[in-house]
Amino acid sequence: MTHQAPIQRLLIANRGEIAVRIIKTARRLGIHTIALYSDADAHAMHVREADEAWHLGPAPARESYLDTGKVLRIAKEAGADAVHPGYGFLSENSDFATACEQRSLRFVGPSGAAILAMGDKSGAKALMEAAGVPVLPGYHGADQCLAVLRDQARLTGFPLLIKAASGGGGKGMRRVEQIEDFDEALAAVKREALAAFGDDQVLLERYLPRARHVEVQVFADTQGNAIYLGDRDCSLQRRHQKVIEEAPAPNIAPALRRAMGEAAVAAARAIKYRGAGTVEFLLCGEAFFFMEMNTRLQVEHPVTEAVTGQDLVAWQLAVAEGRPLPLSQEEVVLRGHAVEARLYAEDVAAQHH
C-alpha cells in the first residue's frame with residue numbers, strides 16, 4: 001500500500017469518551033469530524049464536539065451503533081473518506097471492515113482478514129504456534145465431540161480453563177479443577193458461548209494459578225514496519241474483567257520485556273497486521289504464553305500514551321493514510337509510570353454486574 005491522500009472527513013462510529021478523544025486528535029490534525037448518535041446520546045459530548053452529527057436511530061445499540069447498513073449509508077451521504085470504529089461496537093467486526101474496504105472507505109484499523117484471523121481463538125493459537133510465538137498447553141482443534149474434549153482435557157492437565165473459541169471479555173469461560181467436573185463446566189460454557197457469540201465451539205488451556213496478565217501494545221504500518229510500544233500489567237481483575245492497568249508492567253527484567261515485545265511483533269507480522277493492536281500474554285516466572293490479540297485500540301491505551309508521549313489515535317490515522325510509523329523501535333522511549341482504574345457497578349447479592 002502506497003501513500004494515500006490525507007483523510008479529510010472522518011466518521012467516528014462510536015460514542016462516549018473514545019469518540020471525544022478521536023475528535024480532539026482529528027481536529028488538531030485538521031480533519032473534519034462526523035459523529036453518530038442514537039436517541040440516548042442526542043446531547044452527548046461527542047455530538048457537541050464534532051463538526052457535524054448524524055442521527056442513527058433508537059437507543060438500543062443493535063438498532064443504531066451496531067447497524068452496519070445505517071453506518072455505511074451515513075458514511076456515504078456525509079461524504080466520509082474514512083471510518084474510525086473506536087473500541088467496542090464495530091471495532092472488531094471483520095465484515096464491517098471488509099465492507100468499508102469494498103466501498104473505498106478507509107477503515108482506521110486492520111484489514112477484515114486480520115480481524116477474522118484473531119477473532120477465532122482456536123485458529124489464532126495455531127497461527128501463533130506456526131509463527132514461533134509461545135502458546136499455553138491445551139487443545140484448539142475442530143473436533144468438538146465430548147469424548148475428544150475429555151481426552152484432551154486429561155492430556156492438558158488440571159486445573160484448566162474451558163473457553164469459548166469466539167469469546168472475549170471474560171464471557172464463556174470456566175475453570176475446572178478435576179475431570180469429574182469437566183462435563184458440567186463444558187455444558188455451561190457452550191450455553192454461554194452460544195448465547196453471547198452464536199458459536200459454541202470451545203478451546204482448552206492449562207490454567208496457571210499465579211500467572212500475571214501482561215499485554216503488549218503493537219503498531220504496524222503498510223510499509224512493512226512493526227514495533228511494540230511497551231507493555232501493560234492487567235493482572236488485577238474482577239470476574240475476568242480488567243480493573244487496574246499499569247504501564248509499564250512492573251518488575252520485569254529488560255531481556256524478558258524485550259522477548260515479549262518481539263513475540264508480539266511476530267504475532268502481528270504473522271497476520272500482516274496494520275494499525276494499533278494488543279497482544280495479551282500470561283507471564284509465569286520467566287515464561288510467557290500467548291492468550292489472544294485484540295485487533296483494535298484498547299480502553300487502556302491512555303497509560304501507554306502517558307509513558308511513551310505518543311498520540312496513538314494520530315498514529316492510527318497516519319497508518320490509514322499509508323504513511324510509515326512515526327518512530328522506529330530504537331526511538332521508543334518509556335518515561336515514568338501510569339495507572340488506569342476502571343469503575344464497575346455491582347449488586348453483589350443479586351449477582352448483577
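A salt bridge here means a side-chain nitrogen of Lys or Arg within 4 Å of a carboxyl oxygen of Asp or Glu. Keep that handy; the model you're looking at is a predicted one.

**Exercise 1.** Work out whether Arg154 and Asp151 form a salt bridge, and where the two residues sit.

*Solution.* Start with the distance: N to O comes to 3.5 Å. The cut-off is 4 Å, so the pair counts as a salt bridge. Next, the location: both residues belong to helix α7, three residues apart, about one turn of the helix. Finally, Asp151 is partly exposed, at 44% relative accessibility.

**Exercise 2.** Stay with α7 (residues 146-156) and find out how its buried residues are arranged.

*Solution.* First pick them out: Leu149, Ala153 and Thr156 are buried. Now look down the axis of α7: these buried residues fall within an arc of 65 degrees, so they line one face of the helix.

**Exercise 3.** Decide which parts of the chain the salt bridge between Asp311 and Arg28 ties together.

*Solution.* Check the contact: the closest N and O atoms are 2.7 Å apart. Then place the partners. Asp311 is in the loop between α10 and α11, while Arg28 is in helix α1, so the bridge joins parts 283 residues apart in sequence. As for burial, Asp311 is buried at 18% relative accessible area, whereas Arg28 is exposed at 53%.

**Exercise 4.** Do likewise for Arg274 and Glu101.

*Solution.* Their closest N and O atoms are 3.6 Å apart. Arg274 lies in the loop between α9 and β15 and Glu101 in helix α4, so this pair ties together parts 173 residues apart in sequence.

Note on methods
Residues are numbered from 1 along each chain as its sequence is written. This is a predicted model: local features need pLDDT of at least 70, side-chain atom pairs count only at pLDDT 80 or more; totals for chains, interfaces and linings use all residues. Side-chain values use heavy atoms; hydrogens and water are left out. Buried means under 20% relative accessible area, exposed over 50%, partly exposed in between (1.4 Å probe, protein chains only). Helices (H or I, at least four residues) and strands (E, at least two) are DSSP runs, numbered from the N terminus. The arc is that of the directions from the helix axis to the C-beta atoms.
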